[in-house]
Amino acid sequence: MNKECKNVYITTPIYYVNDVAHIGHAYTTIIADMLARHSRLTGANTFFLTGTDEHGQKIAQSAEVRNKTPMEYATEVSDKFRNLWDGFDITYDKFIRTTDEDHKIGVQKAFETMYNKGDIYKGDYEGFYCVSCETFFTQAQLIDEQFCPDCGKPTSIVKEESYFFKLSDYEDRLLKWYEENEDCILPRAKKNEIVNFVKGGLRDLSISRTSFDWGVKLPESLNEPKHVMYVWLDALMNYITALGYGKDEENMFQWPASVHLVGKDILRFHAIYWPAFLMSLDLPLPKHIAAHGWWTRDGEKMSKSKGNVVDPKEVADAYGLDAFRYFMLREVPFGQDGDFSQKALMDRTNSDLGNDLGNLLNRIMGMSGKYFDFKVSSVDLMKFHSKEMNQAHDILENIEEYIHKMQLNRYLEDLWKVLTIANKAINDSEPWNKMKDGKDDEAMALVALITNIMAKVSILLNSVMPEKTSKIAESLSFEINNETYTKLILNKELLDDVVITKVEQLFPRIEEVLLETAPEVDRTKAEAEKKEVKEVIKIASLEEDNLITIDKFFETSLKVGIILEVEEVKKSKKLYKMQVDLGEERPRQILAGIKEYYTAEELVGTQVCVVANLKPAKLMGMISEGMLMAAKDENGLCLIRPEKTRAIGTKIS
Ligand code: MSP
């Protein structure tokens, strides 16, 4: 790396290893990859970091229900993330895991430094903790005095000895930083939320735990073997430990980060805790923290239990990686939420990519071949088409500002304005008539105009669609690199004489959506059905005062399962701990109060009906991931089972 050049450091959040990667994760990573590729093209020393966040109670619990050690489980999922990014050609320079030895050393060093500075003290913590979000809440923040305001899961009261970080001391310095650095948090609306939050007052932050041990231990000098670090402290430090902080510091010259990309849900950690930690460490603060919105699916939040998670690999395999990348960046303004629909992806691919971009290349190949034996010269371009070329240059001159402001959709919109100049020029100048009239030089100038526009656009689109733009460059016989970027974009020069090569169609038309999905809800039909149901209810006057519609019933996912193992829960008269196969990747652990009615032998190998989308609950310290259906009257309890054996996982309706 050339240390004389501008340093650019781009990060994604590190992904929790208790989830499968979905388009939300792919979104953050694709944006970061686009920024990193663009930065390299401009010649900057670029370092792009991604990785996985592997400590904490949530991950230890996920491993436990799978009968794996936390490390085995973390490695398995971390590898899945890395493989996905490798398959997507994500150009990360380092993939960090918080279980890496170097990372742990760096985090301990940071803890020690903050402690020695007097920013960390020991106290007692009592609060409501949500394991799923790894976050403490005050009682006032809870929903119904019990549930996590972020994810809705039950919280538990935790009282433990804890180390605290004096976050309250940093209020004024944080506010000053926000004020003096207009764009430190992007988009602006999100920055205002943060500023208001900090103005509301900050409480000191509990940064160590004693209730579990899957985490980085405190530095040895503190002699506190029972404490592990709070996962968010551990996780945020990855941005510096990845550069060698606390160890060889080899790449610390890349610090501070140019941009930390994050989803809006984790902005608070990055925009408040992280800068405060850095101030305590006397390190410079990141230049930008950019928060993007959330992707939903047909208007709903994606979740495994709803079964509506969009698999990025499936989408990219079906529609093409470059089309997927383009769609993600173009469809939704950065910072806003977006809804994923295949129809929208198909329309964008056909119209923006197929019609505007792909067809322009076809026209270059067609006209240059038909009229000029595939040879294109820019000699007369400015004589006949200076107006269009200058218009294009004016747009391109300012376009990178959008990248700096994270307005990536506008960046793409402007590139498309340049393509429109080319497409319009063809229609206006009718080169086929020019050829008929013997004005070959004018026709050549037109072909040169659109060839040059195509070359310039493909250079600036390369970070978004690396594969297709390389194909375009191949067709126009040039290469996309820093040299051509400098020449054609910065210096506004024109292509030397080029020979056009034919390449296959860039974006063949897609006639219908390519992936099978649940049928989209027809809202008008659904409304009509609701009305009809209301009327039927009136007429039927059933003996139930709590009637629900069929849609409500279908919110419950009922499935046929088979009991694989039954274990007694010591200290409980009622509970059995069971492993129940629902035809998923792994069996579910289900705790059920049926010990008084069945022996373990009677249960193993029998089929049962399971409520499969219940929020997991903790019973006697163990997780239960579903509920068996049963009927109980004065004669006792019996399980509800399919009358005949059915395939495991069959939906019950
Ligand atoms: N491990 C923490 C981050 C620590 S960084 C020091 C974490 N991990 S996560 O896996 O839950 O989320 C990682 C990123 O994915 C977040 O930026 C989050 O916003 C993003 N997304 C998760 N679901 C998403 C959507 N449905 N849509 C868009 N992005 C979302 O948080």
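Before the first stop, a word to settle: contact here means heavy atoms within 4.5 Å of each other. Also keep in mind that you are looking at a predicted model.

**Stop 1: helix α18**

Select residues 482-490, which make up helix α18. Which residues of this helix are buried? Colour Thr484, Tyr485, Leu488 and Ile489, and you have them. Now look down the axis: these four cover an arc of only 105 degrees, which puts them on the same side of α18.

Next, show what the buried residues of α18 pack against: α1 (23-41), α13 (381-404) and α16 (440-461).

Then check the ends. Select asparagine 481, which caps the N-terminal end of α18. One of its side-chain oxygens lies 3.1 Å from the backbone nitrogen of glutamate 483. Just after the helix comes lysine 492, with a positive phi of about 55 degrees.

**Stop 2: aromatic rings**

Time to show the aromatic side chains. How many aromatic pairs does the structure hold? There are 23. Phenylalanine 88 sits in the loop between α3 (70-87) and β4 (94-97), while phenylalanine 324 belongs to helix α11 (residues 321-331), so the pair ties together parts 236 residues apart in sequence. Are these two buried or exposed? Phenylalanine 88 is buried, at a relative accessible area of 4%, and phenylalanine 324 is buried too, at 0%.

Now select Tyr9, Phe47, Tyr239, Trp255 and Trp274, which ring pairs link into a cluster.

**Stop 3: charges over rings**

Then jump to lysine 468, whose charged end sits over the ring of phenylalanine 507, 5.2 Å from the centre.

**Stop 4: a five-stranded sheet**

Finally, switch to cartoon view and find the open sheet with the order β21-β20-β19-β22-β25, paired antiparallel. At its edges stand β21 (588-592) and β25 (627-628); each has a single partner strand, so one side of each is left without a neighbour in the sheet. Zoom in on β22 (residues 607-611), which pairs with β25 in the antiparallel sense over two bridges. There, valine 611 stands opposite methionine 627 of β25.

Key:
Residues numbered from 1 in each chain as written. Predicted model: local features only at pLDDT ≥ 70, side-chain atom pairs only at ≥ 80, totals over all residues. Heavy atoms only, no water. Phe/Tyr/Trp six-rings, centres within 6.5 Å; stacked < 30°, edge-to-face > 60°. Buried < 20%, exposed > 50% of the residue type's maximum accessible area, 1.4 Å probe, protein only. Lys NZ or Arg CZ within 6 Å of the ring centre and 35° of its normal. Pairing = 2+ DSSP bridges. Arc of directions from axis to C-beta. Polar contact = N/O pair within 3.5 Å; in protein donor to acceptor, adjacent residues only side chain to side chain.
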